[in-house]
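Please keep the viewer open as you read.

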Amino acid sequence: MTTRFEQIAPLLEGQAIEVPSWAYGNSGTRFKVFGTPGTPRTVEEKLADAAQVHRFTGLAPSVALHIPWDRVDDYDKLRRYAEDLGVRLGTINSNTFQDDDYKLGALTHTDRRIRQKAIEHHLECIEIMGATGSRDLKIWLAEGSNYPGQADMRGRQDRLAESLRTIYDRLSGDQRLVLEYKLFEPAFYHTDVPDWGTSYVQVAALGERAVVCLDTGHHAPGTNIEFIVAQLIRLGKLGSFDFNSRFYADDDLIVGAADPFQLFRILFECIRGGAFGPDSDVAYMLDQCHNIEKKVPGQIRSVLNVQEMTARALLVDRDALTRAQEDGDVLLANEIFMDAFYTDVRPHLAAWREERGLPADPMRAYLASGYQEQIEADRVGGTQAGWN
Ligand code: LRH
Ligand code: MN
Ligand code: MN
């Protein structure tokens with residue numbers, strides 16, 4: 001085991017998991033939002049908290065922003081502010097789900113004026129990306145209908161394609177459009193981008209720089225998500241992940257908490273498909289909220305969970321697995337896979353961190369640092385973050 005860990009250790013170098021600015025704000029359910037002491041009041045404070053996650057883990061060098069939640073006057077200044085803290089500004093997430101105009105749709109709306117307003121919001125996001133140095137524009141659409149007959153589902157696909165085309169044509173350099181799908185919610189009868197197939201069809205029509213975002217919480221229970229991962233990688237269209245955990249629906253709990261085995265299986269397919277490591281374009285992000293737990297420790301636990309399952313997935317002896325698969329040795333193949341999953345890599349990762357000047361136990365180191373007490377004392381009246 002030690003030898004195998006040593007073999008895979010170099011592959012863990014440079015692993016990056018983007019954290020979402022909204023994870024540091026207060027969030028909750030429709031029943032109650034519990035305020036957490038020390039919650040950031042500004043975007044700058046969210047960045048400062050995110051920088052702590054990176055400081056103690058070395059795993060989270062960039063922060064995703066959500067517009068308008070993180071709207072500021074000067075994005076150049078925000079970029080420099082982040083860099084001074086040791087992090088970068090990452091993916092820009094658009095938001096067309098909190099405006100009365102969008103009650104019946106945004107990019108799909110029948111009213112040209114409303115569609116145009118939603119398109120312009122995305123063009124503003126692209127402009128922001130220029131200033132923040134972000135590569136990805138991530139689009140999730142809260143669009144659909146609640147009742148059969150309410151909407152012309154096919155007409156909405158056509159309008160969506162047209163709106164996305166206008167947005168896509170505005171991208172420049174290495175910028176990408178990343179289209180996220182979600183099975184249901186807030187629309188319950190039909191959703192305009194409900195699954196990877198629809199997202200794929202839409203981005204394939206746009207061109208090379210349009211790709212799919214897979215949010216792990218956006219599938220029906222029991223869905224084989226790693227199969228979708230494998231398929232999107234095959235098609236060259238896996239753009240990014242929004243990692244989180246779910247027990248029921250879009251719970252947005254800590255990644256790897258509900259089903260670490262699923263996270264392992266997903267990461268295995270990424271590694272198998274060449275979507276992991278310095279040559280991969282796939283962006284690994286968290287999309288989570290911390291309703292009852294403290295937010296910075298919640299994010300630290302999350303990125304560590306991803307690192308841990310990555311190490312375990314790297315431990316799969318792929319040559320032996322291929323041989324067993326080709327020999328039709330069902331039980332041996334399964335055993336090889338499970339051996340890696342059941343390997344406790346935590347002591348090895350602790351030593352690996354220490355060798356790199358990081359704390360062996362990032363969680364304990366953060367809790368001992370005094371940062372949490374400081375923000376709880378300093379910040380009063382935190383902003384409400386958007387919910388997922
Ligand atoms: C939608 C979603 C999407 C949003 C985020 C706040 O459920 O996953 O990624 O941008 O939540
Ligand atoms: Mn998401
Ligand atoms: Mn979600």
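Trp140 stands opposite Glu180 in β6. This is a predicted model, in which local features need pLDDT of at least 70, side-chain atom pairs count only at pLDDT 80 or more, and totals for chains, interfaces and linings use all residues. Residues are numbered from 1 along each chain as its sequence is written, while chains are lettered from A and ligands numbered from 1 in the order in which they are written.

Helices (H or I, at least four residues) and strands (E, at least two) are DSSP runs, numbered from the N terminus. Strands pair if DSSP finds at least two bridges between them.

| Strand paired with β4 | Bridges | Direction |
|---|---|---|
| β3 (residues 88-93) | two bridges | parallel |
| β6 (residues 176-180) | five bridges | parallel |

On the β6 side, Lys138 is bridged to Val178.

Is β4 buried or exposed? Five of the five residues of β4 (residues 136-140) are buried, so the strand is largely enclosed by the rest of the structure. Buried means 20 or more other C-beta atoms within 10 Å of the residue's own, with C-beta atoms placed from the backbone. One face holds Asp136, Lys138 and Trp140, the other Leu137 and Ile139.

Zooming out, eight strands form an open, parallel sheet in the order β1-β2-β3-β4-β6-β8-β9-β10. Its edge strands are β1 (19-20) and β10 (283-286).

Conventions:
A residue is buried if 20 or more other C-beta atoms lie within 10 Å of its own, exposed if 12 or fewer, and partly exposed in between; C-beta atoms are placed from the backbone.
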